[in-house]
Amino acid sequence: MNVKQINIQTSSDFRKLARDFPEVAAEPLIEKCVDLGVWCNEVCETGGRWSLERLANFIAKKAMDKSKKVRMSKWHVIPLDENQLMYAAIDVYIGQVIYREIEQREQTKLKNEAEFKEQNGENAFKAVKALGETFLTKINEVTL
């Protein structure tokens, strides 16, 4: 079974886990990760470092309450309280929403790029890309 870990800056979390628990090998876990921020930058041709909260707003148009009180609470104490459970559930849910939206944008971008190349040729595509155009929204006409 191929399970993907979806999150933001997950590799640093796995490295911290491996540091604290030597029996955990970080690299095999990191290889299964999809860093939503990195993927967003690739697909949407944006830059910068993303938090889950900022990505939720940018990609899914959803606001998140990332309360520092809950975020910095005692996560090692079992059972977790209701606020911690809700916080964790929202993180998982919004991560899935963001993943699906980026996946859809990537498919749209690839389709639009292929159609543009077919209609205008590879050289026109390279010229338009060099101008910084993105293909998330379809470019109707190009005059070169």
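Trainee: What makes up residues 9-103, in helix and strand?

Mentor: In this predicted model, the chain over residues 9-103 is 63% helix and 3% strand.

Trainee: Which elements does the chain hold, and in what order do they run?

Mentor: There are seven helices and two strands. Starting at the N terminus, they follow the pattern β-α-α-β-α-α-α-α-α.

Trainee: Why is the chain called more spread out than a compact globule?

Mentor: Set the two values side by side: the globule rule gives 15 Å for 144 residues, and the radius of gyration is 19 Å, well over that, so the chain is more spread out than a compact globule. The C-alpha trace spans about 65 × 35 × 30 Å along its principal axes.

Trainee: Good. Now alanine 88: why is this residue called partly exposed?

Mentor: Buried means under 20% relative accessible area and exposed means over 50%. Alanine 88 has 29%, so it counts as partly exposed. You will find alanine 88 in helix H6, residues 82-120.

Trainee: How far is alanine 88 from threonine 137?

Mentor: Their C-alpha atoms are separated by 34 Å, with the two residues 49 apart along the chain.

Trainee: And what share of the chain is buried?

Mentor: Buried residues account for 28% of the 144.

Terms used
Residues numbered from 1 in each chain as written. Predicted model: local features only at pLDDT ≥ 70, side-chain atom pairs only at ≥ 80, totals over all residues. Heavy atoms only, no water. Helix = DSSP H or I, 4+ residues; strand = E, 2+ residues; numbered from the N terminus. Buried < 20%, exposed > 50% of the residue type's maximum accessible area, 1.4 Å probe, protein only. Rg over C-alpha atoms; globule rule 2.2 N^0.38 Å.
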